[in-house]
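Please keep the sequence and the coordinates at hand while reading.

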Amino acid sequence: MTKARVRAPAKINLTLHVTGQRDDGYHLLDSLVVFAPVHDLLEVGFSARGMTLSVSGPEAAGVPCDDSNLVLRAARLVCDDISVKLTKFLPAASGIGGGSADAAAVLRALLLRGLSLDEDQLGARLSHLAAALDLQKLGADLPMCMMNRPLRATGIGETLTPVPDLPPLPAVLVNPRKPVSTPAVFRAMTRRDNPPMPAHLPRFADAADLVAFLQTQRNDMQPAAEGIEPAVGQVLDALGRLPGCGLARLSGSGATCFGLFAAATQADLDQMAAEIRAAHPDWWVAPALLGDVSDWGMPRFS
Ligand code: C5P
């Protein structure tokens, strides 16, 4: 067993309420998070001497191969000898996890191999490890990206409560290929004391029921992100005009947005994605069923 292939799925913030700010500057959040079967790919070699990282793929431009990459920083928590080949399909600095998802994927591979755990046991270990991570060095999205299943994130993003039985959501994801700086969006926000989501989330009968609830919630970073990057507004307009779009919203600090289509089939989503690609060949577009991809994000060893 010298190699693992592991997928790093995109995370989507269906809601992102900014509810306060800590003395150290970090913001308090309340976010309903799901994952998409749209991913980066990591090949982890265990027989290497020293740590190496290579990056390739359609979205590799500008992604560092040195210690500033979260993949290497996270891997060093567990070992000193691995090689990682990272293929980037997710746009960088785009509000859908990206670097955090890659770092979480390498940790899943290292833990599953080193500890001989089954997938349920690994889930419990990941929760413990997620709580102990130094988020200021590794990124506040890393713990949630280790879970890959619907959850509610509070604190600065590290307090995770699974949300079971969330209906899968047919969606189209669109990024205008403009990187957005998360700290810049936080700085541009005018209010940091917004209300949280309801203390108890309702049970949702189906995707339409969930979309109706989401319409009553918010991404508090969206107005500031639209101000910093006007392409965000163009993407939201394009998604909102598609037939059957129940909600178009920004994920994280952007610039990736999602459109939700409760009644759409996979063929409908593919068709809408094709239309957006034809009108905007420079945008990144992905049809996806949002929800639980925890099985799908597990490492495969050879
Ligand atoms: O955790 P991540 O590296 O994505 O965060 C980038 C920056 O966003 C942090 O350095 C911090 O300035 C800001 N941030 C914040 N509150 C959070 C998460 C991130 O202010 N909960």
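A residue is called buried here when its relative accessible area is under 20%, exposed when that area is over 50%, and partly exposed in between. The model is predicted, and the points below go from single residues to the chain as a whole.

**D102 in helix α2**

- D102 belongs to helix α2, which covers residues 99-115.
- With a relative accessible area of 2%, D102 is buried, because the cut-off for that class is under 20%.
- Once neighbours within four places in sequence are set aside, D102 is in contact with A8, D40, L42, V71, L86 and K88.

**L41 in strand β3**

- L41 is located in strand β3, which comprises residues 27-45.
- Apart from residues up to four places away in sequence, the residues that L41 touches are R5, V6, R7, K85, L86, T87 and F89, and L86 is also among the contacts of D102.
- From L41 to A105 the sequence separation is 64 residues, while their C-alpha atoms are 8.8 Å apart in space.

**Helix α7 and its cover**

- In helix α7, made up of residues 207-215, the buried residues are A207, L210, V211, F213 and L214.
- As background, an α-helix has 3.6 residues a turn, so residues three or four places apart point the same way.
- The elements that cover the buried residues of α7 include β3, β8 (169-175), β9 (247-250) and β10 (257-260), and β3 is the strand in which L41 is found.

**The chain as a whole**

- The secondary structure of the protein chain consists of 10 helices and 12 strands.
- The protein chain is as compact as a globular protein of its length, because its radius of gyration of 18 Å is close to the 19 Å that the globule rule gives for 302 residues.
- The C-alpha trace spans about 50 × 45 × 35 Å along its principal axes, and 53% of the 302 residues are buried.
- Among contacts with a separation of 6 or more, 75% are between residues 24 or more positions apart.

How values were computed: Residues numbered from 1 in each chain as written. Predicted model: local features only at pLDDT ≥ 70, side-chain atom pairs only at ≥ 80, totals over all residues. Heavy atoms only, no water. Helix = DSSP H or I, 4+ residues; strand = E, 2+ residues; numbered from the N terminus. Contact = heavy atoms within 4.5 Å. Rg over C-alpha atoms; globule rule 2.2 N^0.38 Å. Buried < 20%, exposed > 50% of the residue type's maximum accessible area, 1.4 Å probe, protein only.
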